[in-house]
Each structure stands twice: as structure tokens, then as C-alpha cells.
Amino acid sequence: MTAMDGQDGLEAQFTQWRHYVQRRPELQPSDAEELEDHLRGSVDQLVAAGLRADEAFLVAVKRLGGLDDLSREFAREHSDRLWKQLVLTGGTTDPATDTRSRRDLVAMVSCAAGAAVSIKVPELFGMSLEQDAGFYAANFALFALPWLAAFLAWRRRARPALIGVLLALFALGAVAANAYPLADDSQSLVLTSIHLPIALWFVVGLAYVAGDLRSSRRRMDFIRFTGECFVYFVLIALGGGVLMAFMFGTFEAIGIEPEGFISQWLVPSGVVAAVVVAGWLVEAKQSVVENIAPVLTRLFTPLFTAVLLAFLVALGWTSAGIDVEREALILFDLLLVVVLGLLLYSISARDPLAPPGLFDKLQLALVLSALVIDVLVLGEITQRITEYGTTPNKAAALGENVILLANLAWSAWLMLGFARRRTPFAALERWQTGYLPVYAGWAWIVVLVLPPLFDYL
Amino acid sequence: MKVTKDLVAASATPMVLGILADGESYGYAILRRINELSGGELDWTEGLLYPLLHRLERLGHVESSWQSVPGERRRKYYRITTSGLAELAEQRRQWDTVVNALKEIWVGPDGGRRSAAFPLAGPA
């Protein structure tokens with residue numbers, strides 16, 4: 001072995017050691033560098049004492065003490081580091097990360113400001129939040145989601161082709177929301193207001209996966225993104241509520257009525273901007289904190305299972321059957337969506353290689369009871385449709401129930417196979433991620449096809 | 001003979017501050033110096049030294065800066081501050097008290113040996 005080889009080998013070992021150290025959350029890059037300098041000093045001394053380079057490295061690493069012990073000592077001194085910090089608050093020692101997060105911040109602020117301004121633009125054309133509630137309800141997502149998509153596309157350096165597709169889809173959404181002659185009290189307007197945001201959210205998903213549509217992993221990432229984004233949005237909304245309460249109270253105390261400003265400016269602009277901020281927060285924090293959506297899932301899966309089972313027992317006991325009113329119909333659909341959400345988020349957070357456990361069985365029970373409820377509701381809807389004829393509402397609900405039924409049924413089958421160790425967990429994951437386009441497709445159908453189909457009822 | 005862990009921990013701060021009072025230094029050199037001064041008897045680990053240096057920095061007793069001396073690696077140097085000097089003086093008073101008391105016990109005021117314990121070797 002030549003001296004050159006020894007030097008190269010030593011550098012490779014240092015690199016390896018550095019990677020190993022950098023994985024410790026207690027040790028920051030500057031600590032790693034300091035310790036590496038120490039290690040190098042120690043190696044130099046040992047080499048001077050006559051050891052070969054690789055021997056010296058081994059002895060020096062051994063002397064440095066177990067990395068576990070070292071990390072524990074560092075953790076004791078820097079306990080704050082275990083409360084992982086948001087990149088935004090600064091203090092990183094890596095200039096590359098710093099510049100990147102600052103550029104992200106600028107892009108986010110621009111997009112959020114864009115969203116906040118865009119929702120006020122229609123007022124220039126004589127619209128107002130009170131008088132044109134229908135217009136704002138149908139278009140709300142169009143003021144927020146394109147900006148979020150723009151931020152994500154910027155972050156992913158989306159190709160021009162993808163940007164073209166995104167623009168086309170948002171334009172299509174704008175057409176769907178505004179081209180049809182829908183009365184302010186029509187069922188279709190309500191349906192559009194609910195389904196257009198869903199349809200557009202999948203367009204955001206397109207920007208999120210940056211055109212890498214076929215990747216199941218990327219789709220699963222988008223599911224995670226959705227859940228976290230929702231959690232952050234709710235948190236921001238809570239903070240916004242507190243802000244408004246103080247604003248209202250303090251300004252009123254000095255004789256100024258802030259009500260107009262709050263309802264005309266702060267709430268609409270704040271909500272659309274918050275969507276962008278929430279998306280940015282997820283992006284900025286994804287490697288920094290543990291995800292919260294799966295934690296909530298763990299907490300609520302047993303509770304929802306208990307409620308659903310109790311409901312089914314009560315239903316059998318009273319043998320009354322479900323009497324579907326319009327509100328109850330929506331309630332049951334929402335319930336199924338929540339069950340599906342619980343399923344999705346536990347899948348997204350699960351280690352695919354872990355063996356089936358009690359929690360998986362609990363989830364199977366949840367899915368099965370949801371399935372029973374879905375079948376009951378579906379029966380009721382079909383009965384009503386044959387009896388009274390169909391409306392946009394019933395058609396939309398029917399479609400959703402069928403879609404959820406198919407998903408839940410196949411999920412239950414896969415979960416059963418998984419619980420009996422016949423099917424790998426990945427099959428369930430692939431099924432769920434592969435099903436996403438179905439939701440997107442249905443949302444678009446409700447928005448684009450149902451209104452003309454039902455004569456803009 | 002190895003000095004016990006408690007004693008090492010208790011004496012660590014005045015030792016580091018004392019070494020830095022002689023001039024700025026970096027981690028590895030501080031560890032070497034302690035090893036040298038104790039004839040290899042003080043068993044300091046990196047897990048003791050670096051967190052201690054960081055704590056002293058947080059308390060404002062030392063300051064650190066990354067320096068590159070030509071022909072050498074980039075290194076984090078530590079320098080004692082005024083507050084560090086005050087802390088060192090305070091620790092020294094306390095240690096003097098302890099050492100004097102022990103000397104009284106072991107050696108006696110007249111310099112004669114009073115107990116079966118080992119007498120103190122060298123200057124305290």
C-alpha cells in the first residue's frame with residue numbers, strides 16, 4: 001500500500017464517519033466539524049507515533065468514545081436541539097440550506113400575497129362578498145389553489161409542459177365554475193362549490209408530484225402532504241381567530257368598528273393566503289417534525305370503530321333501517337370519507353415491512369363496519385331514486401357511494417389478506433394510491449357533466 | 001490510579017477556564033494539555049469536554065470562533081471572556097477552600113502527619 005492509497009483510504013473513512021455523525025439529531029454540522037478536527041488531531045498524533053493510517057483511525061475513533069455516549073452528552077447540554085427547530089427561524093450553519101429556505105420563503109410570501117390580492121380583484125368589477133355569495137362560493141378554490149400549485153411548481157422546478165397542463169386545468173375549473181347558468185339557489189351550485197375544490201386539489205397534487213404521476217411513492221407523499229396541510233391550515237385558522245378576536249376587542253375599545261375590515265379583507269384574504277402558507281409549512285417542516293396526521297389517526301381509529309360498531313348494533317336492535325334525509329345522506333358520505341381518511345393516513349405512516357398487529361385488525365373492523373353502512377346507505381339511495389327520480393344531489397351521492405364502496409370493499413379484502421399474512425402490505429398501499437385518479441375523475445364529472453345533464457337544476 | 005468521575009466532573013470547569021486563561025485554544029489541544037498536566041491520570045472524554053465548552057460558551061464564560069491558520073485545518077478556537085475570568089477567580093477561591101481544608105485534615109497545621117491518609121503530593 002502506497003502512502004497515497006493510505007491517505008485516500010483515510011479520507012474515505014473520515015467521510016463515512018462524518019455521514020454517521022450527521023445522522024445524529026443532537027449533533028449539528030459545526031459540532032461534527034469540531035469533532036472531526038479532534039479526530040484528525042488524534043490520528044495525526046498516532047501516525048506520528050508509528051501507527052499505520054488505518055490503525056490510527058481505528059484507535060482514534062475508539063478513543064473518541066461511543067457515538068451514543070457522545071450524543072447523550074451533547075443532548076444533555078443542547079436539549080433544545082431535540083425540539084427540532086423550524087428552518088425559518090434560522091440559526092443553521094449551512095449557508096446552502098439558508099439561502100434555499102430564504103428563497104422558499106420569498107416565493108411563499110409572493111404566492112400568498114398573490115392569493116390574498118386575487119380574491120379582492122373581482123371587486124374591481126363590481127362584485128361583493130355579500131351580494132355575489134354564489135360566485136364566491138363556486139370560485140373560492142380558484143383564488144387559493146392555483147397559487148399553492150404555483151409555489152409547488154416553482155419549488156419542483158416544473159417543466160413548461162407541466163405548467164401548461166396546470167394552467168389548462170385551472171382554466172377548465174374556472175370555466176366549470178362560471179360558464180354554466182346556475183341560479184344562486186340551485187343544487188348544482190352547491191355541488192360545484194364542494195367538488196371544484198376537490199378537483200382542483202388534485203391539480204395541486206399534479207404540481208406536487210411534479211408530473212411523476214405513475215410513482216406510487218410520490219402519490220403517497222401527496223396524501224401525506226394533504227393531511228399535514230389540513231392540520232396546519234386548521235392551526236393557522238385557530239391563530240387567525242384569536243387575532244381577530246383581539247382586533248375586534250381592542251379597536252372597538254377605542255371607538256373604531258373593525259368589523260367591515262375583518263369580514264371584507266382579513267377573512268377572505270387570510271383564508272386563501274393561509275392555504276399557501278400551510279402548504280409551505282409542510283414543505284419546510286417535513287423533515288423537521290414528526291407528522292401529526294398519522295398520530296391523530298392512531299388516536300381516532302379505535303374511537304371511530306367503536307362508534308360505527310355501536311351504530312350498527314343499535315341499527316340492528318331497533319331494526320328501523322336508515323331513513324335518508326338529504327342532510328343525513330351527506331353526513332353518511334362524510335363519515336365514509338373520514339373512515340377512508342383514517343385508513344389512508346395509517347397506511348401512509350405505517351412501516352410497510354412491519355407484521356400485522358392489533359391495530360391492523362382494528363382497522364379491518366372499522367373498514368368492514370363502514371362497508372356495511374355504505375351498503376345500507378346505497379340501498380336507501382337507489383330506492384329513493386327509483387321512487388322519486390334523480391336529482392344532481394342524489395346522482396352525486398350515488399356516485400360517491402359507489403366509488404367508496406369499491407374502495408372499501410377491495411381494501412377490506414386486501415387487509416384481510418394482510419392480517420392473515422397472505423398479501424403484502426404494499427398491495428394495500430398500491431391500491432389506495434392507484435385509486436386517487438378515480439376521486440379526481442368523479443369530482444371533475446360532478447363539476448363539468450352533472451350541471452348540463454340535469455339542466456342546471 | 002484513575003481519578004473518580006465525580007472529581008473529574010467537579011474540576012473540569014476550573015481546569016478548562018484555567019487553560020484558556022493562558023491563551024486561546026481548541027478542543028484537541030485542551031484535552032492534550034489536561035492529559036499532560038495530570039501525567040495521564042485524568043481520564044477526560046470528548047463527551048465531557050465538548051459539551052462543557054459549549055455550556056461555558058452559552059453561559060458567556062468563553063467565546064468561540066472558526067479560524068484557519070495557514071497550513072492547518074479550519075478549527076474552532078475558544079477564548080476566555082471577562083465573565084469567564086471572574087468565574088475562574090470564583091472557582092479558584094472555592095477550590096482553595098476545599099484544598100486548604102483537606103490539607104489541614106491530612107497534614108495538620110504544624111506540617112506533621114496527623115492521620116493515616118496519604119499526604120498531599122506537590123503544591124496544591
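Chain B and chain A bury about 1,700 Å² between them, and carbon and sulfur atoms give 50% of that (buried area is the accessible area, 1.4 Å probe, that two parts lose on being put together, summed over both). Tyr28(B), Glu46(B) and Arg73(B) supply 36% of what chain B buries against chain A, more than any other three residues. Keep in mind that this is a predicted model, where local features need pLDDT of at least 70 and side-chain atom pairs count only at pLDDT 80 or more, while totals for chains, interfaces and linings use all residues. Residues are numbered from 1 along each chain as its sequence is written, chains are lettered from A in the order in which they are written, and side-chain values use heavy atoms, leaving out hydrogens and water.

**Where the chains meet**
- On chain B, 18 residues are in contact with 19 residues of chain A (contact means heavy atoms within 4.5 Å).
- There are five salt bridges between chain B and chain A (a side-chain nitrogen of Lys or Arg within 4 Å of a carboxyl oxygen of Asp or Glu).
- Asp37(A) and Arg75(B) pair up through their side chains in a salt bridge, at 3.0 Å from N to O.

**Packing inside**
- The largest nonpolar core has 103 residues, and Leu145(A) and Leu200(A) have the most contacts inside it (a core is a set of buried Ala, Val, Leu, Ile, Met, Phe, Trp, Tyr and Cys residues joined through side-chain atoms within 4.5 Å; buried means under 20% relative accessible area, 1.4 Å probe, protein chains only).
- A second, separate core has 37 residues, including Ala12(B) and Leu31(B).
- Leu200(A) touches Leu145(A), Phe170(A) and Trp444(A), among others, not counting residues up to four places away in sequence.

Conventions. Buried < 20%, exposed > 50% of the residue type's maximum accessible area, 1.4 Å probe, protein only.
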